[in-house]
Amino acid sequence: MSVKVDGYKSSTVFEQLKVNITDNEAKKKETIKKINAIFEFNVKNSEGKEQIWTLDLKNDGTVQTGKGSAKPDIIIGLADETFVELASGTLNGQKAFMSGKLKIKGNMMLATKLDGVLSTIPKAKL
(Lines give C-alpha, C1' and ligand atoms only; values in the text may rest on other atoms or scores of the structure.)
Protein backbone atom coordinates (compact mmCIF):
# COMPACT_ATOMS: atom_id res chain seq x y z
CA MET A 1 0.00 0.00 0.00
CA SER A 2 1.41 3.36 -1.02
CA VAL A 3 1.86 6.21 1.46
CA LYS A 4 2.03 8.86 -1.27
CA VAL A 5 -0.35 11.80 -0.93
CA ASP A 6 -0.92 14.23 -3.80
CA GLY A 7 0.25 17.76 -3.14
CA TYR A 8 3.07 16.77 -0.78
CA LYS A 9 6.71 16.51 -1.80
CA SER A 10 7.27 14.73 1.52
CA SER A 11 5.20 11.79 0.37
CA THR A 12 8.09 10.69 -1.88
CA VAL A 13 10.34 10.61 1.19
CA PHE A 14 7.83 8.57 3.19
CA GLU A 15 7.40 6.19 0.25
CA GLN A 16 11.19 5.70 0.14
CA LEU A 17 11.28 5.07 3.91
CA LYS A 18 8.54 2.48 3.50
CA VAL A 19 10.42 0.69 0.71
CA ASN A 20 13.77 0.84 2.51
CA ILE A 21 12.56 -0.15 5.97
CA THR A 22 9.27 -2.03 5.93
CA ASP A 23 9.81 -3.99 2.73
CA ASN A 24 13.20 -5.31 3.89
CA GLU A 25 12.83 -7.68 6.87
CA ALA A 26 16.48 -7.49 8.01
CA LYS A 27 16.53 -3.69 7.72
CA LYS A 28 13.20 -3.48 9.56
CA LYS A 29 14.48 -5.49 12.55
CA GLU A 30 17.74 -3.53 12.67
CA THR A 31 15.90 -0.17 12.52
CA ILE A 32 13.38 -1.14 15.23
CA LYS A 33 16.25 -2.25 17.49
CA LYS A 34 18.21 0.96 16.86
CA ILE A 35 15.38 3.55 16.92
CA ASN A 36 12.69 2.00 19.18
CA ALA A 37 10.22 4.86 18.80
CA ILE A 38 7.01 5.92 17.09
CA PHE A 39 7.25 9.17 15.12
CA GLU A 40 4.18 11.10 14.05
CA PHE A 41 4.74 13.78 11.42
CA ASN A 42 2.26 16.62 10.90
CA VAL A 43 3.29 18.03 7.54
CA LYS A 44 1.76 21.23 6.18
CA ASN A 45 1.95 21.80 2.42
CA SER A 46 2.15 25.08 0.51
CA GLU A 47 -1.66 25.30 0.42
CA GLY A 48 -1.81 25.15 4.21
CA LYS A 49 -3.31 21.63 4.28
CA GLU A 50 -2.00 19.21 6.86
CA GLN A 51 -1.22 15.53 6.39
CA ILE A 52 -0.12 13.06 9.06
CA TRP A 53 2.34 10.23 8.50
CA THR A 54 3.33 7.76 11.21
CA LEU A 55 6.60 5.83 11.37
CA ASP A 56 6.29 2.94 13.81
CA LEU A 57 9.89 2.01 14.43
CA LYS A 58 9.08 0.45 17.78
CA ASN A 59 6.56 -2.35 17.24
CA ASP A 60 5.97 -3.37 13.64
CA GLY A 61 8.31 -1.22 11.53
CA THR A 62 5.65 0.42 9.40
CA VAL A 63 5.19 3.69 7.57
CA GLN A 64 1.60 4.80 7.11
CA THR A 65 -0.58 7.80 6.37
CA GLY A 66 -2.67 9.07 9.25
CA LYS A 67 -2.31 8.39 12.95
CA GLY A 68 -0.95 5.02 14.03
CA SER A 69 -2.75 2.66 16.39
CA ALA A 70 -0.17 3.20 19.13
CA LYS A 71 0.54 6.49 20.89
CA PRO A 72 3.52 8.30 19.28
CA ASP A 73 6.65 8.89 21.35
CA ILE A 74 7.30 12.11 19.46
CA ILE A 75 5.17 14.37 17.28
CA ILE A 76 6.99 16.53 14.76
CA GLY A 77 5.26 19.44 13.04
CA LEU A 78 6.87 21.04 10.00
CA ALA A 79 6.32 22.37 6.50
CA ASP A 80 6.44 20.05 3.51
CA GLU A 81 9.48 21.86 2.09
CA THR A 82 11.31 21.68 5.45
CA PHE A 83 10.87 17.91 5.63
CA VAL A 84 12.23 17.47 2.11
CA GLU A 85 15.24 19.65 3.03
CA LEU A 86 15.87 17.54 6.14
CA ALA A 87 15.62 14.30 4.16
CA SER A 88 17.93 15.53 1.41
CA GLY A 89 20.51 16.69 3.95
CA THR A 90 20.37 20.37 2.92
CA LEU A 91 18.91 21.32 6.31
CA ASN A 92 20.20 20.23 9.70
CA GLY A 93 17.50 19.11 12.17
CA GLN A 94 18.94 21.14 15.02
CA LYS A 95 19.05 24.31 12.92
CA ALA A 96 15.47 23.70 11.76
CA PHE A 97 14.35 23.35 15.37
CA MET A 98 16.26 26.41 16.58
CA SER A 99 14.87 28.55 13.76
CA GLY A 100 11.31 27.45 14.50
CA LYS A 101 10.84 25.43 11.28
CA LEU A 102 10.41 22.27 13.34
CA LYS A 103 7.99 21.88 16.26
CA ILE A 104 8.40 18.92 18.61
CA LYS A 105 6.04 17.43 21.20
CA GLY A 106 7.03 14.45 23.31
CA ASN A 107 10.46 12.91 23.81
CA MET A 108 12.78 15.48 22.27
CA MET A 109 15.83 13.18 22.47
CA LEU A 110 14.21 10.96 19.84
CA ALA A 111 14.47 13.80 17.33
CA THR A 112 18.21 13.20 17.27
CA LYS A 113 17.56 9.69 15.92
CA LEU A 114 15.64 11.09 12.97
CA ASP A 115 18.80 11.84 10.96
CA GLY A 116 19.69 8.15 11.18
CA VAL A 117 16.28 7.17 9.82
CA LEU A 118 16.38 9.69 6.98
CA SER A 119 19.91 8.65 6.02
CA THR A 120 18.51 5.29 4.83
CA ILE A 121 17.02 7.02 1.80
CA PRO A 122 19.12 7.19 -1.37
CA LYS A 123 19.59 10.95 -1.95
CA ALA A 124 19.34 10.64 -5.72
CA LYS A 125 15.69 9.59 -5.45
CA LEU A 126 14.47 12.76 -3.74
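Predicted model: local features only at pLDDT ≥ 70, side-chain atom pairs only at ≥ 80, totals over all residues.
Helices (H or I, at least four residues) and strands (E, at least two) are DSSP runs, numbered from the N terminus. Residues are numbered from 1 along each chain as its sequence is written, and side-chain values use heavy atoms, with hydrogens and water left out.

When residues up to four places away in sequence are not counted, Leu 17 is in contact (heavy atoms within 4.5 Å) with Thr 22, Leu 55, Val 63, Val 117, Leu 118, Thr 120 and Ile 121.

Aromatic rings of Phe, Tyr and Trp (its six-membered ring) pair if their centres lie within 6.5 Å; planes under 30 degrees apart count as stacked, over 60 as edge-to-face and the rest as tilted. Six aromatic pairs are found by this rule. The ring centres of Phe 14 and Phe 41 lie 5.3 Å apart with the planes at 65 degrees, so this pair is edge-to-face. Because Phe 14 belongs to helix H1 and Phe 41 to strand E1, the pair ties together parts that are 27 residues apart in sequence. Both Phe 14 and Phe 41 are buried, where buried means under 20% relative accessible area, exposed over 50% and partly exposed in between (1.4 Å probe, protein chains only). Phe 41 and Phe 83 also form an edge-to-face pair, because their ring centres are 5.3 Å apart and their planes at 65 degrees. This pair links strand E1 with helix H3, Phe 41 and Phe 83 being 42 residues apart. Ring pairs join Tyr 8, Phe 14, Phe 39, Phe 41, Trp 53 and Phe 83 into a cluster.

Phe 83 is buried, with a relative accessible area of 0%. Asp 80, Thr 82, Val 84, Leu 86 and Ala 87 are among the other buried residues of H3. The buried residues of H3 pack against H1, E1, E4, helix H4 (93-98), E5 and H5. Just after H3, Gly 89 adopts a positive phi of about 85 degrees.
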